[in-house]
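Welcome! Please take a moment to look over the sequence and the 3D structure, and then let us walk through them together.

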Amino acid sequence: MGLLLSFFVVIVLVLLAFGGVEAANLQYLFGIIIPYAAFVTFIVGIFYRVVKWGRSPVPFRIPTTAGQEKSLPWIKQNKIDNPSSALGVIVRMAFEVLLFRSLFRNTKTELREGPSLAYGSAKWLWLAGLAFHWTFFIIVLRHLRLFTEPILFFVPLIESLDAFFQMGVPLLYITDVVFLMAVTYLFFRRVLIPQVRYISLAADYFPLFLILGIGVSGVLMRYFFKVDVVGAKELTMGLVTFNPVVPEGIGVIFYIHLFLVSTLLIYFPFSKLMHMAGVFLSPTRNLANNNRERMHINPWNYPVKVHTYEEYEEEFRHFMKDAGIPVEKEE
Amino acid sequence: MAVQPKVPKGISYPDELSKVDYKPPEKAWMDTPVVLKPNMFCWGNKEKSLKAVDFPNARAWSVADEDWKLPENWKEIFLEGIRERLDKYRTFRLFMDICVRCGACADKCHFFIGGGDPKNMPVLRAELLRSVYRKYFTGSGKALGKLAGARELNIGVLKELWYYAYQCTECRRCSLFCPYGIDTAEVTIIARELLNLLGLNIEWIAGPVANCWRTGNHMGLLPHTLRDTVEMFKADLETITGVKVDYSFNRKGAEILFVNPSGEYFDPNGNITFMGYMLLFHELGLDVTLSTYCSEGGNFGFFTSNEMAKRLHSKVYAEAKRLKVKWILGGECGHMWRVWHQYHNTWFGPVDFLEEPVSPITGTKFENAKSNKVVHICEFTSDLIKHGKIKLDPSRNDNYIVTLHDSCNVSRGMGFFEEPRYIIKNVCNNFYEMPPNTIRENTFCCGSGSGVNASENMELRLRGALPRANALKYVREKFGVNTLANICQIDRAALQTLADYWVPGVAIRGVHELVGNALIMRGEKERTTDLRGEPLLGKEGGENV
Amino acid sequence: MYNGIKIIIGLLIFAALVTFPFYSKMGKATAKPDPKVDTPEIQKLAEKKCVEPKEFMKTEHMKMLNDWRDTVVREGNLIYVSSDGKKYTISLQNTCMNCHSNKKKFCDECHNYSAVIPYCWDCHIEPKENKT
């Protein structure tokens, strides 16, 4: 249900942009108003969500320790997987955010006759995840050629590396290929692995289709239904300089692409995609494991009702005395 | 080697039980109502157990009954409980929001591996609560309902939450693999807190909590019983070693307060571990005291609610203060050390009435414990061995071909791997590791942690123990391992039954039992048996057994 | 907020990065490229028309040049028949650049604007231009 529905929603989005631009001439709506609204929603939404998380305290220091802790001086600590200092935490977080350290641990459990359990290497999810996120990031950076003038120095550098193989005209970007492959893999594993399909919601399929739609429309635009790039950049530069213009004759595929991106920006803060920000706030990863060495403060720590020693002795004094255990009061 | 498995009553044979079908059903999980399967859950709490600690909705009830006798406004209480905890725990709010359902955690849970119930996939176990969160606390859930993965809270959902909250041992293995560090233990902890607002606990947890509140320990051992027990150990030790060991309870002015899990006074495997401590302390002449008031290092309150955990453990520092000791030494226990290490200082600090712990024997400062002033016995002992302060004869453990089970709590809630290994390698001649995917941070839970080590849920426990047992079987077949060492009292109490079923012929031993065997003491007679009274290798049919 | 400073700093860095294009120009409109077709050669033409219509050339010239190269180098074919049946000699330097002798103004302006680095001039000799 979630799968088909998500698919159709993305199709409808494409048709909306197509019809809106081709039939109703709503270039101004799809090229200017919606992108502005989407960008504002994206920023404000993310701020809102993160601040909301931030308003809940971290009462306890509960890192998941994934290596030897700091102990006696002659015992080698795993300073990255079980950090005891701020620097260690920064390195751990960098590994987590940039290289998906935890996902790299992934294994596949197999139960064989016997019974005998085997834990095989399972790096595909990690590899596809990493490929997907990094190529997405590089593609976003590449798009800066449409949003800066003069163009930032590193953009042509990235482009020339990305088009290293000099295949086709316009040059084929490696990231485009890898990106589409990775998204497709992530989609197929969601559908084909029974357990993963069982847990999947519409909220899992929709962003996949949406992102796939963005990728496909972008690739079509670059390699097949070419658009007037100069016109496109006039529009994007108009947006970022607050002098919005809608140049004549940019192909409709550009508006479809832009509308899907706008949808993603609007959807982002209200969805699981917020894991982008969330990973930085995760208390099992971003805390040093040093709670015996430094006191972690819980802002809502409150006194609790306890069973005092006096009450204890009061109840058991005669047993204690009989057993020769020292007491505070004789009677 | 061909020992027959001991099969508990009502349980099928291992070859039958280990046939697990991982394929989820056709029907969506939200449309599949929970079935409370016998042998898979623990009995509900007794009325008196909740009353003892003033918990709400104390009443007689039974899990098997249709009517769980909930307060009229149970839904409001539950939802208000969620709201309150969303504001108190960033973990909770974050873990409700950011899961992408990648499924990396799915086959990391011992209960899923051994049972195949899709709702035991950590992601889905969390989704059980997440779906309720979405329905009442997110815009999309309110508007789109089921499409957004949201569902109404009703009695069926509540029962499902209860059933699966007590089918998680809070071992955190899933959190190791989660790219965002989502910790199902944290979700389970909160789910159990919420259930306790409605008086929905299990007796195996609620009973010990009530005991601990009153008598200072889970077992409900009274002061004189404790003394008698230790006196009995003393007599046994004298028979075996010829040494009269000293001990004391509630002694003011001692340098160190020693706190251990009370299961060690009660459980046969734990007893011997405790005897190991006694020998060690005596040989060192350590100025240490036990306490009857604080006769429990473990904390089943932690499996109930944060507040209950704090209520039970305030006695640790209170007693240290009253007895005017300098610092606290803690025994071998898993969840005890998760609580002591990650929670104590926050609950009770600053601990400025104690001194920074220093080993009186070696002079080593325990820098990593300087703030909350508690030292793990294995840190203490490995430091002794490193400095050559104790004489050891590892050949006295030659009967044992040993492997080490890393307990989940000290592994992923502390990072305690080298200390016990260092000790074992010094007190045993035969030590073999289980496969790397099943030890250290990757370790599997025994399947009975977090208070579910009852007997009425034996099938659950056996299923949960399958991954651990399987790794054990591997080293048993490959190296002839016959001893599983560990530093956790729940392991010692629970794993023997589970090993007897899956890997018959393996004994469960505390690390300090092995220390006690190997420890050469001043004035001891020639040992012919280990601390269990079993003949040493080469001393069979010896002189005086 | 708890850990508010760290969180706010993180958010601000994020906002600074994603809004960079907006504040880097401070709302100043940028000049759009204005490729000129006013070279003397073009002025001399009776009918000011390229080999194909302007709209087609705008989006497809790179592909056409690529095809031209392949046709000449691999097949030895030196004649291009346009969509309206006219024949042209396939030559970047002698056909294209003959009219568009103003490379800087005609080619580079748009290419620079959209960060395109054509590799035409890796092999071909750039036309010498009059001072602009």
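Two strands count as paired if DSSP finds at least two bridges between them. Strands themselves (E, at least two residues) and helices (H or I, at least four residues) are DSSP runs, numbered from the N terminus. Before we use these terms, a word on the source: this is a predicted model, in which local features need pLDDT of at least 70, side-chain atom pairs count only at pLDDT 80 or more, and totals for chains, interfaces and linings use all residues. Residues are numbered from 1 along each chain as its sequence is written, while chains are lettered from A and ligands numbered from 1 in the order in which they are written.

Let us begin with a sheet in chain B. Its 4 strands form an open sheet in the order β2-β1-β3-β4 (chain B), with parallel pairing. β2 (288-289) and β4 (374-376) of chain B stand at the edges with a single partner strand each, so one side of each has no neighbour in the sheet. In general, strands of a sheet pair through backbone hydrogen bonds, either parallel or antiparallel.

Now look at strand β1 (residues 256-259) of chain B. To β2(B) it is joined by 2 bridges, the two strands running parallel, and Leu257(B) has Thr289(B) as its bridge partner there. With β3(B), strand β1(B) pairs in the parallel sense over 4 bridges; here Phe258(B) has Leu329(B) as its bridge partner. A residue is called buried if 20 or more other C-beta atoms lie within 10 Å of its own, exposed if 12 or fewer do, and partly exposed in between, with C-beta atoms placed from the backbone.

Further along chain B, strand β7 (residues 483-486) also has both faces covered. Thr483(B) and Ala485(B) are buried on one side, as are Leu484(B) and Asn486(B) on the other. β7(B) pairs in the parallel sense with strand β6 (residues 402-404) of chain B over 3 bridges, and with strand β8 (residues 507-510) of chain B over 4 bridges. Leu484(B) takes part in both pairings: Thr403(B) stands opposite Leu484(B), and Leu484(B) stands opposite Ile508(B) in β8(B).

Next comes the interior. A nonpolar core is a set of buried Ala, Val, Leu, Ile, Met, Phe, Trp, Tyr and Cys residues joined through C-beta atoms within 7 Å. The largest such core has 199 residues, and those with the most contacts inside it are Leu161(B), Val209(B), Ile424(B), Leu498(B) and Ala499(B). Helix α21 (residues 458-479) of chain B gives this core its largest share, 10 residues. A second, separate core of 46 residues includes Phe147(A), Val183(A), Leu210(A) and Met237(A).

What are the parts of chain B? Domain bounds come from an automatic or database domain assignment, which divides chain B into domain 1 (14-207) and domain 2 (216-520). The C-alpha centres of these two domains of chain B lie 30 Å apart. Their contact takes 29 residues from domain 1 of chain B and 31 residues from domain 2 of chain B, where two residues are in contact if their C-beta atoms, placed from the backbone, lie within 7 Å. In chain A, the assignment gives domain 1 (2-300) and domain 2 (303-331), with C-alpha centres 61 Å apart.

Finally, how do the chains meet? Among the 2 pairs of chains that touch, chains A and B have the most contacts, whereas chain B and chain C do not touch, their nearest C-alpha atoms being 10 Å apart. In the A and B pair, 96 residues of chain B are in contact with 80 residues of chain A. Helix α15 (residues 306-322) of chain B supplies the largest share of chain B's side, 7 residues.

Arg101(B) is buried, because 23 other C-beta atoms lie within 10 Å. Leaving aside residues up to four places away in sequence, Arg101(B) touches Ile199(A), Ser200(A), Leu201(A), Asp204(A) and Val123(B).
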